[in-house]
Amino acid sequence: MSFSLNSPFQPSGDQPQAIDKLVSNLDAGVDKQVLMGVTGSGKTYTIANVIAKTNLPTLIISHNKTLAGQLYQEFKELFPQNKVSYFVSYYDYYQPEAYIPSTDTYIAKEVEINDLIDKLRLEATSNLFSGPDNITIASVSCIYNIGDPVEFGSKTIRFDIGQEWNRRQLMEQLISLFYARSEVEFKRGTFRVRGELVEIWPAYQDWILVLEFEGFNISKITLRHPFSGHETEEKSFVLYPAKQYVSGAGPDKKEIYQKIKNDMELQADMFKSQGKILEANRIRQRVEYDLEMLQEVGYINGIENYSIYFEHNRRPGDPPYTLIDYYNHLYHGNFLCIIDESHVTVPQIGGMFAGDLARKKTLVDFGFRLPSAYDNRPLKYDEFYARTPKVIYVSATPSDYEIDQASRSIASSTVSSTHDSSTQNSDYMNLPGVVEQLIRPTGLVDPPITTKPTNGQIPDLLNQIKAKIELGQRTLIVTLTKRMAEELSSYLSDINNTKTPIKVAYLHADINTLERSEILDNLRNGNYDVLVGVNLLREGLDLPEVSLVAILDADQQGFLRSRSSLIQIMGRASRNVGGEVILYADTVSPAMRQAIDEVNRRRKIQLKYNQDHHITPSTVVKSVRPKIIELIKTEKEDPSQVDPSSLTPPQRKKLITELKKQMRQFASDLNFEEAIKVRDLIKKAEII
């Protein structure tokens, strides 16, 4: 099935020349390109047209979940007849295992998995096996190990009308695919038997698979919605595993356990030879405990540190199997990789391995883990680069690295490296492999920039906000720190002004993924007038109602106030015809000067284009999209008031997690008395 782009619009502005250039370069064998598109120029729509014209399966990588979610919604609307998937980290909370030698502090791994995001991840890998018309929107988590795609693809069950099944054999097959039998709590990843019916709830779908038997033969296959009851009949159905990580038919478990034990002995002997008796005893105790748990229960917390032993197609030191390997396995390298906001995403991909290695090295050196822990890792950048044959870097501010890669790629292809100056509008026209997109379909131009002193900045900012509120428009304020964001939002909320009350919220990394999207939607809907943030108010946020962006401490040196960051932040005001930017600074830093000059250069080109083509700019009009996952808001009961003895074991485990969060919050607020009380409650709950 080919890609079918569904849109009431036609490419306009700079989009037609950008689409034609990107497609012709791909056809000519150019494997690395840059789309340098200004904020609001419709880069997403340009890429959608490239996908539709090339018919290439596509992996789109974004550097954070919020932007990935926004892209997922956009591509779902643009390609309603094709498979668009969402693949991001499924952790709502993640505390990795670590050891701090200076204070002799061991930190155990602690996670909270979002079940619905887990479902979307499984849907992504299952979709890849069901046809080439796939677009997957992923975060950088796509470079982490999820198991061998060959093993995942082989662990499927196909059901056909008339097919013969022994009931016991069927249930054993389902269990081998990690489906659990559950007669009481029927949920995703489980199955149950009802007389002649076998009901299976695929872990990656919202529909229940119902198999009706006549004797040993399947007489009817039905998909039923669990809530509406709506049914559709099918002639066949392919069921994929309930987990992404499945191991194949390698050595049996006894051999694996013996191998782990042998490696433990080697590591303990090495420590003893170095006089590290404590580390030798520690590694022996930890591995022996893990082996006992594996033999008795079949699973341990931290089993991923032994993953290399269970992957018979992978040797120590080999790259892990990732989502990118699914694309290569199924499409033999003939797919397109889009790196969104590449100036941030590329460094993030490149930095994952080093950070993971540093943490693991400490654990291995001090006897907490075997060296096998090193093999549960993200891809190195050169491994990622080798696995992505066709790449388009998309950014309003591409780095020198991306431009250099595009230049090298076009130089080695059949395309001439000399660009036609009649189709390019800027200083980038002489850079091979860079396709620039400056003109917006709406005619909007980059916002004018005003620089103001920091003395009296808050009263001045307050007046600017009130003026925007009276016009029904929104404001973004960008600070340097989370604490400053929280204090400023609190100050603005406390201002007693009944004529123009200010509804304000703050946004930073401590707010979970779903709440961030909720806050942004509330800003667009008018539930907030002002949003204060640090680093999340930059790349890709689509907020047409925002007409003022205020940047505090704009002259500070560093990443948060670099040329690239300033241009990205200022771009948030470019979707509104009344957009403007205020930089509060006492001096004009080199980064400020470069950013201002670049925005003014683009603005000059855009104004001339509008004048030549008699275009009157208009604000982008966009409805607020439905949420990927509805954020369910309930009044949370204070966990310290819950009686743990009245709970089931799973409920107690969840309560302990909530209590630990509450204890940490009290401690960070320096309320140690309450923290101690909660700690005692945790101990009480743990011994019940």
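R601 is classed as buried because its relative accessibility is 17%, where buried means under 20% relative accessible area, exposed over 50% and partly exposed in between (1.4 Å probe, protein chains only). In this predicted model, local features need pLDDT of at least 70 and side-chain atom pairs count only at pLDDT 80 or more, while totals for chains, interfaces and linings use all residues. Residues are numbered from 1 along each chain as its sequence is written, and side-chain values use heavy atoms, with hydrogens and water left out.

The side chain of R601 forms a salt bridge with that of E436, at 3.4 Å from N to O; the term denotes a side-chain nitrogen of Lys or Arg within 4 Å of a carboxyl oxygen of Asp or Glu. E436 is also buried, at 2% relative accessibility. E436 lies in strand β19 (residues 434–437) and R601 in helix α18 (residues 590–613), so that the pair links distant parts of the chain, 165 residues apart. Helices (H or I, at least four residues) and strands (E, at least two) are DSSP runs, numbered from the N terminus.

## Other salt bridges

The structure holds 35 salt bridges. One of them joins E580 and K468, with an N to O distance of 3.0 Å. This pair also connects distant parts of the chain, 112 residues apart: E580 belongs to strand β25 (residues 580–584) and K468 to helix α14 (residues 457–470). E580 is partly exposed at 23% relative accessibility, whereas K468 is buried at 7%.

The side chains of E311 and R314 meet at 2.6 Å, N to O, in a further salt bridge. E311 is buried at 9% relative accessibility, and R314 is buried at 4%.

## Nonpolar cores

A nonpolar core is a set of buried Ala, Val, Leu, Ile, Met, Phe, Trp, Tyr and Cys residues joined through side-chain atoms within 4.5 Å. The largest such core has 61 residues, of which F159, Y179, I200 and F384 touch the most other members. Helix α10 (residues 323–331) contributes the largest share of this core, 5 residues. A second, separate core comprises 32 residues, among them I19, L78, F79 and V84.

Leaving aside residues up to four places away in sequence, F159 is in contact (heavy atoms within 4.5 Å) with residues including W165, L170, I200, L209, L211 and F237. K235 and S236 are also among the residues that F159 touches.

## Helix α10

The buried residues of α10 are L323, I324, D325, Y326, Y327 and Y331. They pack against β2 (58–61), β3 (83–87), α4 (115–128), β8 (134–138), α5 (149–154) and α12 (381–387). After α10 comes H332, which has a positive phi near 55°.

## Packing of α7 and α8

Helix α7 (residues 253–273) packs with helix α8 (residues 277–296) at an angle of about 170°, their axes being 8 Å apart. Axes are lines fitted to C-alpha atoms, for helices over the stretch in contact, and angles run from 0 to 180 degrees between N-to-C directions. The two helices are therefore roughly antiparallel to each other, a class for angles over 145 degrees, with under 35 roughly parallel, 65 to 115 roughly perpendicular and the rest oblique.

The contact includes Y257, I260, M264 and F271 of α7 and I283, V287, L291 and L294 of α8. Its residues divide into 11 nonpolar, 2 polar and 6 charged.

Definitions and conventions: Nonpolar A, V, L, I, M, F, W, Y, C, P; charged D, E, K, R; others polar.
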